[in-house]
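Let's walk through this model together, one feature at a time. Have the viewer open and follow along.

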Amino acid sequence: MDEAPEPSARTGRRGCEDCLRIGSSWVHLLECLVCGHQGCCDSSPKKHAYAHAHALAGHDLARTLKRGEDWAWCYADELFLRPSG
């Protein structure tokens, strides 16, 4: 997680890619640490981050995009992750 680029270094997307495509809403955004896909959290109606992680092998790690937070989630192991130090 410490080696992943900061969210601001990614393209300037403005929300859940899948929700924007279908006109849905989201609660919180997560970014896949493998490909950068932005999806909505499990509290959102469509749970696109979960769907992305389970649809693509190896895309199990996602981090929060909420300012001031620095956690990640591992979908494969159902683990909450925080940077060391």
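A residue is called buried under 20% relative accessible area, exposed over 50%, and partly exposed in between (1.4 Å probe, protein chains only). The model is predicted, so local features need pLDDT of at least 70, side-chain atom pairs count only at pLDDT 80 or more, and totals for chains, interfaces and linings use all residues. Residues are numbered from 1 along each chain as its sequence is written, and side-chain values use heavy atoms, with hydrogens and water left out.

Let's begin with the strands. Helices (H or I, at least four residues) and strands (E, at least two) are DSSP runs, numbered from the N terminus. Two strands are paired if DSSP finds at least two bridges between them. Strand S1 covers residues 29-32; Leu29 and Glu31 point one way from S1, Leu30 and Cys32 point the other way, and all are buried. S1 pairs with S2 in the antiparallel sense over three bridges, and Glu31 stands opposite Gln38 in S2. The two strands form a hairpin with five residues between them, and Gly36 in the turn has a positive phi of about 85°. S1 is also joined by three bridges to strand S3 (residues 61-64), the two running antiparallel; here Leu30 stands opposite Thr64.

Leu30 leads us on to the core. A nonpolar core is a set of buried Ala, Val, Leu, Ile, Met, Phe, Trp, Tyr and Cys residues joined through side-chain atoms within 4.5 Å. The largest one has seven residues: Leu30, Cys41, Ala49, Ala53, Ala62, Trp71 and Tyr75. In soluble globular proteins, nonpolar side chains tend to be buried together.

Tyr75 deserves a visit of its own. At 7% relative accessibility, Tyr75 counts as buried. Contact means heavy atoms within 4.5 Å; leaving aside neighbours within four places in sequence, Tyr75 is in contact with Leu30, Asp42, Ala49, Tyr50, Ala53, His54, Asp60 and Ala62. Rings of Phe, Tyr and Trp (its six-membered ring) pair if their centres lie within 6.5 Å, with planes under 30 degrees apart counted as stacked, over 60 as edge-to-face and the rest as tilted. Searching the whole structure gives two aromatic pairs. Tyr50 and Tyr75 form an edge-to-face pair, with 6.0 Å centre to centre and 75° between the planes. Because Tyr50 lies in helix H2 (residues 48-55) and Tyr75 in the loop between strands S4 (72-74) and S5 (79-81), the pair ties together parts that are 25 residues apart in sequence. Tyr50 is partly exposed, at 39% relative accessibility.

Next, the charged side chains. A salt bridge is a side-chain nitrogen of Lys or Arg within 4 Å of a carboxyl oxygen of Asp or Glu, and the whole structure holds four of them. Asp18 and Arg21 meet at 2.3 Å, N to O; being three residues apart in helix H1 (residues 17-22), they are separated by about one helical turn. Asp18 is buried at 16% relative accessibility, whereas Arg21 is exposed, with a relative accessible area of 60%. Glu69 forms a salt bridge with Lys66, the closest N and O atoms being 3.8 Å apart. Lys66 is partly exposed at 45%, and Glu69 is partly exposed at 34%.

One last stop concerns the backbone. Glu78, in the loop between S4 and S5, has a positive phi of about 50° although it is not a glycine.
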